[in-house]
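Biologist: I have not worked with this structure before. Could you take me through it step by step?

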Amino acid sequence: MNQLSYVHQDQSAWNNYLTQLDRVAPYLEDLNDQLDTLKRPKRAMIVNIPVEMDDGTIRHFEGFRVQHSLTRGPGKGGVRFHPCVDLNEVMALSAWMTIKCAAIDLPFGGAKGGVRVDPSLLSKRELERLTRRYTAEINNIIGPQKDIPAPDVGTNAQVMAWMMDTYSMNAGSTVTGVVTGKPVHLGGSLGRSKATGRGVFITGNEIAAKIQLKIQQAKVCVQGFGNVGAEAAYLFAQAGAKIICIQDHSATLYQEDGIDIEALQHYQHTHGKIQGYCPNNEIESTQFWKIPAEIFIPAALENVISPEIAQSIQTRLILEGSNGPTLAAADDILAKRHITLVPDVICNAGGVTVSYFEWVQDLASFFWSEDEINQRLDRIMCHAINTVWDKALDKNCSLRTAAYIVACERILIARKERGTYPG
Ligand code: NAD
């Protein structure tokens, strides 16, 4: 890859991020001369991961860790195990972490990692060997004060436990603060696994009140029924909303009078997918975005809301549970149609916020109750969404651009104050 080739790939996640950044430039005034620093990752590592499979053969997997910005603190961001992971996607995800941590005002930069693999095709032992070798390969650039990985699509608390153990074996002592999203008895935080979905609900609730949308009886469609989508669906259902459509990789489930979320969660835990839960209510996947509903929650992968979908979707509120679900051109159409969109960098920041709590607890070796964690999370999320809402009103711009203005101002002021090394 030549030095700049990644900057110009059309339709790529990275290109989408660059377009979002371009939209902030006119609002940054004299900080604009610092904006270039956010247009390239600080550090990107590509690693080869040889893994001995259970049948004795060796397979090679490609892995990545990208640190987009370390200006405001150590890198923070998940690790994705997915067959489509590539450098471009990981760069974009790392950049969104930079913006997200700054928009929420956490003392972190942005990072992300990934391995191109379908984890469902590996045995548990193969997955462990892959995770440990990946961790060993990126060992030198991660650490509690350098870069702190966490779970993302295709990874979970068990994967984090293996990463923590591998890093600790190399360090010669137990270093719990090297990753977040760990099991609770290994230094994980109470409330972490539900935090992202909870954040989606908190921000949704806050914004719904501002646009006079009643959550009770509101119809909601959720794409993705994993860590984020399932918890968000559960909390909206608890608040009286009707979850009428849920889509995952296996099926699209539609039920006019509302899906029983707890029963579906139970089915999903046993079967690993929603397909088969209620075959009579399964519809074509292409129907998902055509269903009229007050709220849509994309909570699967990026680049799913195209300009065509933005033009036809019948909704009032879109809550970006996933990272980068909306193409920049679709953003403009949604704004013109007065459809409110709460951007990923605020909406799904509950996870990284409780990851921050986990890191703080690990460093202090002093742990908080779940109530304390949820209260702090609610306070931070509400404060962030209100700051962004006020900025959007003040600048007459979308919530995404407002979140980028808030975040970029914080990062670029810090960048300016730090200066350029060597001076
Ligand atoms: P997950 O692996 O737990 O769940 C992903 C869900 O998406 C699954 O239900 C899967 O079936 C579904 N899915 C995959 N491909 C699909 C497709 N083509 N069509 C429809 N559904 C599909 O992942 P997660 O942790 O819930 O993460 C979901 C999104 O939220 C990702 O974009 C991730 O980066 C983002 N996110 C996650 C967290 C977190 O704490 N887990 C935090 C912030 C952002």
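This is a predicted model: local features need pLDDT of at least 70, side-chain atom pairs count only at pLDDT 80 or more; totals for chains, interfaces and linings use all residues.

Biologist: Between which two parts of the protein does the ligand lie, and why?

Modeller: Helix H5 (192-210) and helix H6 (227-238) each supply at least two residues of the shell around the ligand. Taken by domain, residues of the shell come from both assigned domains, so the ligand lies between domain 1 (41-189) and domain 2 (193-347).

Biologist: Which residue has a side-chain N or O atom 2.7 Å from an oxygen atom of the ligand?

Modeller: Polar contacts are counted within 3.5 Å, and Arg192 has a side-chain N or O atom 3.4 Å from a ligand oxygen atom, while for Gly226 a backbone N or O atom lies 3.3 Å from a ligand oxygen atom. The protein covers 81% of the 830 Å² of accessible area that the ligand has on its own. The side chain with the 2.7 Å distance belongs to Thr196.

Biologist: How many residues of the shell around the ligand are polar?

Modeller: The shell has 22 residues, of which Asp152, Thr196, Phe225, His249 and Asn323 come nearest. Divided by kind, the shell holds 6 nonpolar residues and 4 charged ones, and the number of polar residues is 12.

Technical notes. Residues are numbered from 1 along each chain as its sequence is written. Side-chain values use heavy atoms; hydrogens and water are left out. A residue is near a molecule or strand if one of its heavy atoms lies within 4 Å of it. A polar contact is a pair of N or O atoms within 3.5 Å; within protein, one must be able to donate a hydrogen and the other to accept it, and residues adjacent in sequence count only if both atoms are side-chain atoms. Accessible areas come from the Shrake-Rupley method with a 1.4 Å probe; for residues, only the protein chains shown count as cover. Helices (H or I, at least four residues) and strands (E, at least two) are DSSP runs, numbered from the N terminus. Ala, Val, Leu, Ile, Met, Phe, Trp, Tyr, Cys and Pro count as nonpolar, Asp, Glu, Lys and Arg as charged, and the others, Gly among them, as polar. Domain bounds come from an automatic or database domain assignment.
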